[in-house]
Amino acid sequence: MSLSSQTPRDLSPLDAPRIAISGRIVDVGPQAYRVSGLSPFVRLGDCIACPGTGGEEIGEVVRIESDSLTVKPFGIRSTLGVKSPARRIGPYTVAPTADWKGRVVNAFGQPVDGRGALDKGEQERVADGSPPPALKRGRVGSPVQTGIRTIDLFTPLVKGQRIGIFAGSGVGKSTLMGMLSRAQGFDTAVVALVGERGREVREFLEETMAGGLDKLVTVVATGDESPMMRRLAPKTATAIAEYFRDQGENVLLIIDSVTRLAHAARDVALAAGEPPVARGYPPSVFSELPQLLERAGPGLEGSGTITGVFSVLVDGDDHNDPIADAIRGTLDGHIVLDRAIAEQGRFPAVDVLKSISRLADRAWNPQERELVTRLKAMIARFEDTRDLRLLGGYQRGSDGTLDQAVDLVPHIYDYLIQHPGDKITDKPFKDLSKKLKEAFAPPPAK
């Protein structure tokens, strides 16, 4: 089935046999409907199926009262009416297999790439699962070479780490995450595209991921789909990543973006009657996000790892908005993209002074750590004196450290520029040293 013809009503996700318990719809609204007769038999997160004119429609229980429950449908348009029967079918599950690599699925885990049906695994996993117990988890693993120079130099990753990419709109966030998805050293990559433009899905697969699709599972919930589908897609992607992790694989999980997940969760929570408390976000949003992020990381001792990369779309370039604040403390580091750097044409537009990897010491050796510290100090001096130099207040020779920064930092910035099709390197420190030596080598004698 193609993406253009897909509708949630066509995709009944729950075909495993379960006990059928029925009720009746008593009220239908534009965002949700209420069902009576099922309150004693359901729990939050259970799915409800109702026969509509275009086929069976699926919704999720978001609020339970003594005489009725509130159900939020997965579809955009509902054909349900009052007194329509409703039956409980339990929590949503997914059953991935190794054959899912190279495929594109929707939030229900059903194929949308037109390449036929997917096999189901022997074990069903609840999409909204729980992280492993804290004291039974393994330790983070070895360093990962992403091939992105600015990350490998200043914010290196290790297997099992969780890092966020914080950026405003149009600063190159999705492109950077696409470049990360091609990183070597991972057995499987799982990417959730949440709320993205529909046209970007093919661009991501055919351009950014060209040549790397054989180890990729893509979960898609575009911006025109319902909040329920956009809220479910990252959970489905995480459940798929957990399957490969439990097979002993090192998995790269990319969710783009967590902010759009928060927007979808806000719509669901408001439909359930929660009050907004922080810029329109209800309290459950701030508890739902850590539950998802904590599922990434090392698995149980002896199993694989999930290295999580989560993009955060900061509203109005405000890096202290409630979602960014809530996520930053949960992650093991953050990469900040700056609009001013992007406007200078330097991509990836990473602000190396504001970006940090809390596990960098596990990736650097002592010499590399000392070098990065000196480079950051030099870049900070260069940036702090930018206005002074533009006003003509800098004279060469008065400050040797600043003279060195003025000489070196532009060449460092030039080395960090990288585009998706550029040749990658697994020795960024050596290559940077070579570039600086070439920049200051004396001209050949005539």
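Modeller: In this predicted model, the sulfur of Cys-47 lies 11 Å from the closest cysteine sulfur, that of Cys-50, which is too far for a bond. A disulfide is a covalent bond between the sulfur atoms of two cysteines. The cut-off applied here is 2.5 Å between the sulfur atoms, and by this rule the count comes to 0 disulfides. Cys-50 is likewise in no disulfide, since its nearest cysteine sulfur is the one in Cys-47, 11 Å away.

As to solvent exposure, the limit for a buried residue is under 20% relative accessible area. Cys-47 has 1% relative accessibility and therefore counts as buried. Cys-50, at 0% relative accessibility, counts as buried because of that value.

The strand to examine next is S3, which covers residues 46-52. S3 runs antiparallel to S6 and is joined to S6 by 4 bridges. Strand S4, residues 55-64, also runs antiparallel to S3, and 6 bridges join these two strands. Ile-48 illustrates both pairings: its bridge partner in S6 is Arg-88, and its bridge partner in S4 is Gly-59. In a regular strand the side chains alternate between the two faces of the sheet.

S6, residues 85-91, also pairs with S1, residues 21-28, in the antiparallel sense, over 4 bridges. Within that pairing, Ser-22 has Arg-87 of S6 as its bridge partner. These pairings belong to a closed barrel of 6 strands with antiparallel pairing, in the order S1-S2-S5-S4-S3-S6. From one strand to the next, the twist averages 45°.

Two packed helices are described by the angle between their axes and the distance between the axes. For H4 (residues 227-246) and H5 (residues 258-271), the axes come within 8 Å and cross at roughly 130°. H4 and H5 are therefore oblique to each other, and H4 passes H5 in a left-handed crossing. On the H4 side, the residues that meet H5 are Pro-227, Met-228, Arg-230, Arg-231 and Pro-234. Their counterparts in H5 are Arg-260, Leu-261, Ala-264, Ala-265, Asp-267 and Val-268.

To return to the request: Cys-47 is buried, Cys-50 is buried, and the 11 Å between their sulfur atoms is too far for a bond.

Conventions:
Residues numbered from 1 in each chain as written. Predicted model: local features only at pLDDT ≥ 70, side-chain atom pairs only at ≥ 80, totals over all residues. Heavy atoms only, no water. Pairing = 2+ DSSP bridges. Buried < 20%, exposed > 50% of the residue type's maximum accessible area, 1.4 Å probe, protein only. Axes fitted to C-alpha atoms, helices over the stretch in contact; angles between N-to-C directions. Parallel < 35°, antiparallel > 145°, perpendicular 65-115°, else oblique. Left-handed = near helix turned anticlockwise from the far one by under 90°. Contact = heavy atoms within 4.5 Å.
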